[in-house]
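Please look over the sequence and the model before reading on. The briefing below is meant for someone who has not seen them before.

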Amino acid sequence: MNPSRTARLAKVVALSSSIALLAAGCASGDSKDAAQPASADNPVTLTITTFGTQGLDPLYKQYEADNPGITIEATNIDTGGNALTDWKTKQAAGAGLPDVQAVEEGWLGQVMTVSDSFTDLNEYGAKDIAGDWVDWKVKQATDAEGRTIGYGTDIGPMGLCYNSKLFKAAGLPSDREQVAELFGGADSTWDDFFSVGEDYVKKTDKAFYDQSGFVWNAMVNQLDEGYYKADGSLNIEGNTALRERWDQLSAAASKGLSSAQTQWDWGKGQAFVDGSFAVMPCPGWMLGNVKGQVEGAGGDASDGWDFADVFPGGAANWGGAFLTVPSTSKHPAEAAKLAQYLTNATSQATSFEEAGAFPSNIEAQKFKAVTGENELTKFFNGAPIGEILSNRAEGVKAQYKGADDSVIQEQVFGPATIAIDKGTDGDTAWNTALLTLQELEIK
């Protein structure tokens with residue numbers, strides 16, 4: 001564990017304790033726009049902060065063209081974790097928040113503790129269009145008082161990205177349907193996944209998956225209850241299901257299955273093209289990242305990456321986001337209108353084409369832009385990505401995310417997964433994680 005990093009991040013966590021105290025100060029914006037709707041004679045600038053690869057960029061210019069007088073100033077932060085830090089800092093300060101704020105599913109629990117510092121989108125028609133999204137996505141963004149504070153963007157049903165060339169070279173099936181069966185098909189388990197991995201390592205003397213952090217995240221998200229129980233209480237110590245999965249993962253790392261890559265870096269994408277690993281868990285939004293990493297390292301579709309309709313342990317969701325309107329916005333009606341546009345069926349289909357962000361909008365899931373050929377399907381060897389993600393979304397249940405869910409993932413188990421990748425035994429890494437949990441005073 002990096003002590004300086006832990007200390008720095010602990011300070012960020014401490015900000016959450018001040019968020020509730022400052023929430024009232026963050027709610028100082030007008031509940032309705034004081035000015036008339038934006039027009040050429042009444043120009044309005046809207047700010048929006050997003051993160052990662054959400055596929056929204058192409059939509060901004062179109063919105064400006066369709067709405068004279070609107071200018072969009074967009075800020076994109078590299079990762080959801082850094083976006084969380086940015087939001088916490090500005091929320092605690094009571095200043096600097098944008099008109100439209102993207103919120104990642106993993107930190108929605110923290111946002112919900114100060115939900116009254118966000119605009120209730122029901123005031124701008126959210127109730128009337130609630131049926132446009134999968135029902136659990138709407139429930140996630142609705143607080144205890146029935147206020148809807150966010151429009152859903154994507155969801156993260158998961159399949160497996162794999163390198164067909166590396167599989168073939170190892171004497172394993174490379175066709176995506178055969179690969180799905182190799183991992184157990186509809187009955188795939190994590191035991192199947194790690195067993196295939198052990199076979200691959202023995203045949204190639206190379207690592208199987210990129211790093212343990214993403215595998216762990218998927219394993220946790222798949223449980224009925226993860227770091228928190230549905231009643232909001234912490235659910236780590238004494239959680240046998242969680243510990244059993246940790247033991248599986250740490251055992252796999254000890255056998256050389258992990259390539260110990262740095263999250264979100266992968267050697268500037270080089271690990272995707274040099275054979276460093278052959279498989280990784282992929283929610284829909286990750287597909288755009290894989291394509292970008294490969295191309296950033298000078299590769300292309302010929303490097304052999306593909307996408308299989310299978311996932312160990314069954315349906316799982318990782319991530320997805322919401323567009324919210326902080327109550328500090330001076331233009332809440334215009335901001336809500338923009339958020340609604342960016343999450344409507346046509347826009348979500350565009351986001352999917354751009355970044356593989358699988359729509360939470362039900363109508364968008366049926367668009368040809370989602371089900372048909374696009375730049376992502378071409379890159380992934382013609383894989384029917386939209387069809388696969390639609391299949392993988394069946395049976396997904398929204399896991400309750402507590403206030404510090406993302407903090408636990410990144411600051412408690414993040415260092416622990418790095419530790420097992422570097423050779424620390426599973427028991428030691430687990431116990432260290434529990435000590436970090438106590439030090440951060442997460443309850």
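The model is a predicted one. Its second largest pocket has a volume of about 390 Å³. Lys401 is one of the residues that lie nearest the centre of this pocket.

**The second largest pocket**

- The lining consists of 19 residues, and those nearest the centre are Met112, Gln140, Thr142, Tyr400 and Lys401.
- Two elements, α4 (108-112) and α5 (135-140), each give two or more residues to this lining.
- By type, the lining residues comprise seven nonpolar, seven polar and five charged.

**Lys401**

- Lys401 sits in the loop that lies between α16 (385-393) and α17 (405-421).
- Lys401 has a relative accessibility of 10%, so it counts as buried, the cut-off being under 20%.
- The side chain of Lys401 forms a polar contact of 2.6 Å with the side chain of Asn221.
- A polar contact of 3.1 Å links the side chain of Lys401 to that of Gln399.
- Apart from its neighbours within four places in sequence, Lys401 is in contact with Glu105, Gly109 and Asn221.

**Strands β4 and β6**

- Strand β4 (residues 150-163) and β6 run antiparallel and are joined by four bridges.
- Within this pair, Cys161 is placed opposite Phe307 of β6.
- In a regular strand, side chains alternate between the two faces of the sheet.
- In β6 (residues 305-308), Trp305 and Phe307 point one way, while Asp306 and Ala308 point the other way.
- All four of these β6 residues are buried.

Conventions. Residues numbered from 1 in each chain as written. Predicted model: local features only at pLDDT ≥ 70, side-chain atom pairs only at ≥ 80, totals over all residues. Heavy atoms only, no water. 1 Å grid on protein atoms, 1.4 Å probe; cavity = no way out; pocket = protein on both sides within 12 Å on 5 of 7 lines; lining within 4 Å. Points joined across faces, edges and corners; volume = space filled by probe spheres on them. Nonpolar A, V, L, I, M, F, W, Y, C, P; charged D, E, K, R; others polar. Buried < 20%, exposed > 50% of the residue type's maximum accessible area, 1.4 Å probe, protein only. Polar contact = N/O pair within 3.5 Å; in protein donor to acceptor, adjacent residues only side chain to side chain. Contact = heavy atoms within 4.5 Å. Pairing = 2+ DSSP bridges.
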